[in-house]
Amino acid sequence: MSKPVVAANTPIKVELEAGKTYHWCRCGLSKRQPFCDGSHRTTDITPLAFTAEKTGDAWLCRCKQTHNAPNCDGTHKRVPADMVGKEFTL
């Protein structure tokens, strides 16, 4: 099983539209963070499809360690800076 790559050890603020489906990158390889660009195809990790419940700003995880995917839950604070760009799991 592949481990996710830490895309960043900070969340990212994005604007979501209510009712729209998004695909959150779980592998960490996407160049369109936090969203999927198909880079997961080289791994056994698949993106997470989710539908926005409301229109507005959301803070999405880029460390790939959240327990509330795709939303940031603060877990990035436990991800060492030197792990950005590397496979990592807490």
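Leu16 is a handy place to start: beyond the residues up to four places away in sequence, Leu16 touches Tyr22, Phe35, Phe50, Ala52, Lys54, Thr55, Gly56 and Ala58, where contact means heavy atoms within 4.5 Å. Bear in mind that this is a predicted model, with local features needing pLDDT of at least 70, side-chain atom pairs counting only at pLDDT 80 or more, and totals for chains, interfaces and linings using all residues. Numbering runs from 1 along each chain as its sequence is written, and side-chain values use heavy atoms, with hydrogens and water left out.

**Core**
- The largest nonpolar core has 15 residues, and Leu16 is among those with the most contacts inside it, as are Val14, Tyr22, Phe35, Phe50, Leu60 and Val79.
- Such a core is a set of buried Ala, Val, Leu, Ile, Met, Phe, Trp, Tyr and Cys residues joined through side-chain atoms within 4.5 Å; buried means under 20% relative accessible area, exposed over 50%, and partly exposed in between (1.4 Å probe, protein chains only).

**Salt bridge**
- There is one salt bridge in the structure, and it joins the side chains of Asp57 and Lys13 (3.6 Å, N to O); the term means a side-chain nitrogen of Lys or Arg within 4 Å of a carboxyl oxygen of Asp or Glu.
- Lys13 is partly exposed, at 48% relative accessible area.
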